[in-house]
Amino acid sequence: MATPQLLILWHSRTGASAVLSAATAEGAGPGGLRVRCEDARPEHFLSARGYLFCCPENLASMSGAMKEMFDRLYYPLLGQIEGRAYATIIAAGSDGSGAERQIDRIATGWRLRRVAPGTIGNLSAQTPEE
């Protein structure tokens with residue numbers, strides 16, 4: 001596996017987070033590796049120097065798929081990725097802070113260090129059509 005500078009972990013149900021994570025990966029160039037959270041493995045985390053977590057906020061929480069990734073990988077990675085950088089991008093219909101807070105708490109447990117303020121894309125979408 002190539003050694004990425006930035007591992008971009010993402011989940012999207014409506015497409016908003018997919019677009020945001022794809023744009024980030026394009027900006028990162030060859031130093032970025034974009035991986036759906038459902039496909040993330042410990043090797044992805046161990047080979048990267050930093051992480052970008054990109055997901056929607058659903059009902060004031062991070063998406064269930066992103067939470068499942070953290071549940072699945074938390075203990076296998078505990079003590080192995082301390083001090084690495086992370087940032088967040090949240091696609092939200094109204095607020096986004098709940099999902100960001102949840103990710104920050106998990107990152108604190110892993111002893112990651114936030115290197116940029118969180119980005120919350122407030123799409124003001126409140127219906128399936130929006």
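Which residues do ring pairs link into a cluster? Let's take a look, view by view. This is a predicted model, where local features need pLDDT of at least 70, side-chain atom pairs count only at pLDDT 80 or more, and totals for chains, interfaces and linings use all residues. Residues are numbered from 1 along each chain as its sequence is written, and side-chain values use heavy atoms, leaving out hydrogens and water.

**View 1. A cluster of rings.** The cluster is made of Phe45, Tyr51, Phe53, Phe70, Tyr74, Tyr75, Tyr86 and Trp110. Rings of Phe, Tyr and Trp (its six-membered ring) pair if their centres lie within 6.5 Å; planes under 30 degrees apart are stacked, over 60 edge-to-face, and the rest tilted.

View 2. The whole structure holds 9 aromatic pairs. One of them joins Phe45 and Tyr51, a tilted pair with 4.9 Å from centre to centre and 45° between the planes. Phe45 is buried at a relative accessible area of 0%, and Tyr51 is buried at 1%. (Buried means under 20% relative accessible area, exposed over 50%, partly exposed in between, with a 1.4 Å probe and protein chains only.)

**View 3. Charges over Trp10.** Here the charged end of Arg34 sits over the ring of Trp10, 4.1 Å from its centre. The charged end of Arg36 also sits over the Trp10 ring, 4.8 Å from the centre. (This requires NZ of Lys or CZ of Arg within 6 Å of the ring centre and within 35 degrees of the ring normal.)

**View 4. Ile90 and its contacts.** Ile90 counts as buried, with 0% relative accessibility. Residues that Ile90 touches include Cys55, Pro56, Ile103 and Gly121, leaving aside residues up to four places away in sequence; contact means heavy atoms within 4.5 Å.
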